[in-house]
There are 2 protein chains.
Amino acid sequence: MPVGTQGTVKAVSPRELHELNAQVILGNTYHLFVRPGLEVIRRLGGLHRFMGWDGPILTDSGGFQVFSLSKLRRITEEGVHFQNHLDGAACFIGPETSMEIQQVLGSDIVMAFDECPPHPCTHEAAAKSLELTLRWERRSLDWWAARNDAGERPLLFGIVQGSSHEDLRVRSAQELVAMGWDGYAVGGVSVGEPEPEMMKAVEYAVPHLPEDRPRYAMGLGTPPQMVELVARGIDMFDCVLPTRVARNGTAFTAAGTLNLKNACFTLDEGPIEAGCDCYACANFSRAYLRHLVKAEEILGLRLISLHNLHFYIGLMAKVREVIEQGCFDEFRREFVGGYKPHKDV
Amino acid sequence: MPVGTQGTVKAVSPRELHELNAQVILGNTYHLFVRPGLEVIRRLGGLHRFMGWDGPILTDSGGFQVFSLSKLRRITEEGVHFQNHLDGAACFIGPETSMEIQQVLGSDIVMAFDECPPHPCTHEAAAKSLELTLRWERRSLDWWAARNDAGERPLLFGIVQGSSHEDLRVRSAQELVAMGWDGYAVGGVSVGEPEPEMMKAVEYAVPHLPEDRPRYAMGLGTPPQMVELVARGIDMFDCVLPTRVARNGTAFTAAGTLNLKNACFTLDEGPIEAGCDCYACANFSRAYLRHLVKAEEILGLRLISLHNLHFYIGLMAKVREVIEQGCFDEFRREFVGGYKPHKDV
């Protein structure tokens, strides 16, 4: 899922998202709650209409951003009091608020409200945080159950927490499955822990999540990480990398990343990636893209964003294909082995 | 002509330029000479191929930018020695250099190399500058005449100078016509002079320029200025305003400019301009565009740039239509009378 934090996938238009075959995009509840605010999106007919995107939208619960972006947080049983990162205004989000916001946004896939503990986190602190998260997730589900329009409700996804502790990840997954969600996410990953620890957190949880429901690793990852996570049973991803690094001139290819600022591309007539049929590769040379990036021209980051999203979405399409053909293991070995990341990414 | 200073119309792709029915775009010789440099564009097959634009390109001569952007200039009979604005490297551009650069760029419409005197400028200084410009323009023409591929050469446009002095503007125009150019530009306007003085500079020159050749006012203007200049015999314009003000959240409409940052648009469901069929107006509300501009999202300035270029190109299409229908005067009266610019533009 391309990430559309503030009601737009950065630098990309809805028409381009359709052309990229984006199936779902992600909207950030916290950011949209702070700006433009719920009243604006409500009055403008929901997030789909507001941003001109008629495909599915998954919204996060705001939990992660409340903990990573806001200031002066106070956590109570009820929810989180905080000052927003824009103007410092006092705000509150709890499970019910989060569900209400996501309903107003018109989300197609709603995430449970959770606490995302920092890394590292002791077993004691992680256990206490998990119990609160489980109560908040129960309340998230109950909010929807209490409504009489159950037939029209969005899909509801629970989030596995538990930091790096196996017993907590297992307990979290089992409790969520007992509650019965439409899909299951692994959260509290990509919060600064080393990659092996992130992989372990997923490995602890996944065997306890039903195979017939989507399993989603939140906020991940690099191309080889995604392939490795698919190998561990993950079905869905969201990640800002394709668009974020594009704004710094970095492009993804199957052989690894390219920093298009590098002088070696000054006279390079080739496309970012040979054989790629994205708009950028079909029409422009590395030399031109390097020029645009060096000259800080917006078209440069636009074109690299398009290529990178095309690469990410194409990689997942390829993964689905090799799974169907029964040759995923071979693909995984070749892809992960052949991928040489530039040191920046 | 949308302006593509550094090898891209800012924030707009070639595909979008075609969809906007842009007939010609402008490239800036000075900027491209400084970055990426002539060798890069030569090796990459010229500016059209480099930037992926297969429509016509007009290039300026670099004269205006040498005088407005570079440092430590020394003007000799030969040309201009200067330090470029990027890294201070010592550079030289004279008439022959300018023609050679424009040839390497692969320009379809080449501008003569001229000196652009500052505003205000005494009669004595303007007269001296004009004589130098006339010699440089002669040398610009001679450079092309000395080549044996006259049948394939681009169109060559001379530039009327003379500052605010009627006799100099007239002499400039008459001398140029005697040389015989494919088209004629009025330069040295929009250099800080009040609007009436700019209009007069055009009025002095135009009666002495042949009606059967394109007449081009360089670097202009606002929508009513363009209509007023058409009334004075001008056929062609280039202007950065549509894209420049878009990056600040300002949109053009037939009723004047809108600053989309304004709070009054917070809940405005309407498009920038009712009835407009550009991509921005067909799909997005003023409220959404305001949100994007406030959140400093690139999609905001992209969409407003598209709308503004659509507005400018559409205004000129309308002007051609009313001229053909014999009702230009009525259109001019209504349009110029009904246009209320926001104070920022």
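Predicted model: local features only at pLDDT ≥ 70, side-chain atom pairs only at ≥ 80, totals over all residues.
Of the contacts in chain A with a separation of 6 or more, 66% are between residues 24 or more positions apart. Colour chain A by burial next: buried residues make up 50% of its 345 residues.

**Whole of chain A**

Switch to a cartoon of chain A. The secondary structure comes to 15 helices and 13 strands. The radius of gyration of chain A is 20 Å, close to the 20 Å that the globule rule gives for 345 residues, so the chain is as compact as a globular protein of that length.

**Two domains of chain A**

Select residues 3-240 of chain A for domain 1, then 244-338 for domain 2. Taken over C-alpha atoms, the centres of these two domains of chain A are separated by 28 Å. Now look at where they touch: 15 residues of domain 1 of chain A are in contact with 14 residues of domain 2 of chain A. Which helix gives the most to the domain 1 side of this contact in chain A? Select residues 223-231 of chain A: this is helix α10, which gives seven residues. By class, the domain 1 side that touches domain 2 in chain A has eleven nonpolar, one polar and three charged residues.

**Chain B against chain A**

Show both chains and select the residues where they meet. The contact takes 30 residues from chain A and 29 residues from chain B. On the side of chain B that touches chain A, the elements giving two or more residues are α3 (38-43), α4 (47-51), α13 (286-294) and α14 (298-324) of chain B. Among these, pick α13(B): it gives the most to that side, with five residues. Colouring the chain B side by class shows 14 nonpolar, nine polar and six charged residues.

**The sheet of chain B**

Eight of them form an open sheet in the order β1-β2-β3-β7-β8-β9-β10-β11 (chain B), and the pairing is parallel. Strands of a sheet pair through backbone hydrogen bonds, either parallel or antiparallel. Where are the edges of the chain B sheet? Select residues 3-4 of chain B for β1 and 236-237 of chain B for β11; each of these edge strands pairs on one side only.

Strand β2 of chain B, residues 25-27, runs parallel to β1(B) and is joined to it by two bridges.

Conventions. Residues numbered from 1 in each chain as written. Chains lettered and ligands numbered in written order. Domains from an automatic or database assignment. Contact = placed C-beta atoms within 7 Å. Helix = DSSP H or I, 4+ residues; strand = E, 2+ residues; numbered from the N terminus. Nonpolar A, V, L, I, M, F, W, Y, C, P; charged D, E, K, R; others polar. Rg over C-alpha atoms; globule rule 2.2 N^0.38 Å. Buried ≥ 20, exposed ≤ 12 C-beta atoms within 10 Å, placed from the backbone. Pairing = 2+ DSSP bridges.
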